[in-house]
Amino acid sequence: MSSGRESVHVGRDGWLFLTGGTNRVMDRYRGGLRHWLLLRGWTRLIKARARRAEDLGIRCLHVIVPEKLSVYDDKTDGLRYAPGKASTRRLARRLARHPAYLDLLAPLRAARNGATPLYLRTDTHWTAQGCLLAYREIMRALGAVPPADIGGRPGTVSEQIMDLGEKLPERPRERLERFMLQRDAMRVETGPLLAAYEAQGRDREVHVGAHVVYRNPSPGADPRRLVLFGDSCAHFDPFLLTGLLAESFSEVHFVWSSSLDWPYIERVRPICGPSACASATTSISATAPS
C-alpha cells in the first residue's frame, strides 16, 4: 500500500521505500530515451575519469550504492515499477569487466535473504552489515585484504526514528546498529566547513562539502593512500564505509561530494602500492543511477 505521503511506499512487514522527492527515484526504473541518454552519459564519464586517473598513475574505481528498491523489490508489495530496468543493473551491463566500475547490485541481491537485512526497513540507507558486504567487495576490487577482525568490532544499538519513518504519521522506530570501528586510524585533518559545524555541536546538519583525513599507522594497514568521494553511505564519522576503509589503508581522505575534485586528487596523489595503484574511489550519491 502507499502512504499518505507521495514520497513513501509502505511494503511488506513494515518495509518503507522512497518513491518520490527531489531525487525522482521512480524515473530510474522507467526506461525510454531519456534514461538511455543518462546511462550513456554516465558510461562515458566513468571511462573518461578512468583514463584521466591512469594518466596520473592512479586508479579510479566507481562504486554506486544501489537504491533499496533495486535490492529489495520482493518487499515492495504491489508497487508498480520495473526493477529489471534499474539504472545500476543496466550500467553494470554496459561496464561489464571494466576495471573502473564495481557492481554492488548483484552481490547485495544475492545476500538479501540472509539473517541480517542489508538495508534499514524504515530508512533509505544500508545497515552496518550491508555496508560491510560492500566494503569487502571494494577491498577485493582493490586487491586489498581486510583486517581479520573488522566484522567483529564492537557496536552500539539504539531505537530511532529513521528518515522514511519520520514521514509517516505513526513515526515507527527501528533498531539501529552501528559499528564502533575506530581503533588504529586517527582523524588528523578536518575541513573548515565540518570544523565550524562541529564547534557549534551541529555536525549532524553538515553534508556536502564535509572533508576529513584519517591516518592509520598500524603495520598491518595497506600502505596505499585512498581518496573517497562519497555521501551518507560513507560518512565522515568512522562508523560506515569511511571508517572501514580508514581501518584498512594507511591514509584515507573523505570528501562529501558526488563529483571528483581533480585538483585535490592531483595534490594528494594517491600513491602506488606493491601490486596496484591506490584508488580515487567514488560512492556516487542519489543523483546518480539507482
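This is a predicted model: local features need pLDDT of at least 70, side-chain atom pairs count only at pLDDT 80 or more; totals for chains, interfaces and linings use all residues.
Student: What radius of gyration does the protein chain have, and what does the globule rule give?

Tutor: The C-alpha trace spans about 50 × 45 × 35 Å along its principal axes. The radius of gyration is taken over C-alpha atoms, and the globule rule is 2.2 Å times the number of residues to the power 0.38. For 290 residues a compact globule would come near 19 Å, and the chain agrees with this, having 19 Å.

Student: How many helices and strands make up the secondary structure, and what share of the residues is buried?

Tutor: Helices (H or I, at least four residues) and strands (E, at least two) are DSSP runs numbered from the N terminus, and the chain has eight helices and eleven strands. Residues are called buried under 20% relative accessible area, exposed over 50% and partly exposed in between, with a 1.4 Å probe and protein chains only. By that cut-off the buried share of the 290 residues is 51%.

Student: Among contacts between residues at least 6 apart in sequence, what share joins residues at least 24 apart?

Tutor: Contact here means heavy atoms within 4.5 Å. Of the contacts between residues at least 6 apart in sequence, the share that joins residues at least 24 apart is 72%.

Student: How many aromatic pairs does the structure hold, and what kind of pair do Tyr 72 and Tyr 119 form?

Tutor: Rings of Phe, Tyr and Trp (its six-membered ring) pair if their centres lie within 6.5 Å, and planes under 30 degrees apart count as stacked, over 60 as edge-to-face and the rest as tilted. The structure holds six such pairs; in one of them, Tyr 72 and Tyr 119 lie 6.2 Å apart centre to centre with 80 degrees between the planes, which is edge-to-face.

Student: Why does this pair tie together parts that are apart in sequence?

Tutor: Tyr 72 lies in the loop between α2 (68-71) and α3 (87-94), whereas Tyr 119 lies in the loop between α4 (105-110) and α5 (128-141), so the pair ties together parts 47 residues apart in sequence. Tyr 72 is buried at 1% relative accessible area, and Tyr 119 is buried at 1% as well. Ring pairs also link these two tyrosines into a cluster with Trp 15 and Phe 17.

Student: Where does Asp 13 lie, and is this residue buried or exposed?

Tutor: Most residues other than glycine have a negative phi. Asp 13, however, has a positive phi near 50 degrees, and its place is the loop between β1 (8-10) and β2 (16-18). At 61% relative accessibility, Asp 13 counts as exposed.

Student: Where does Asp 77 lie, and what is its phi?

Tutor: Asp 77 is found in the loop between α2 and α3, and at 44% relative accessibility this residue counts as partly exposed. Its phi, a positive value in a residue other than glycine, is near 55 degrees.

Conventions. Residues are numbered from 1 along each chain as its sequence is written. Side-chain values use heavy atoms; hydrogens and water are left out.
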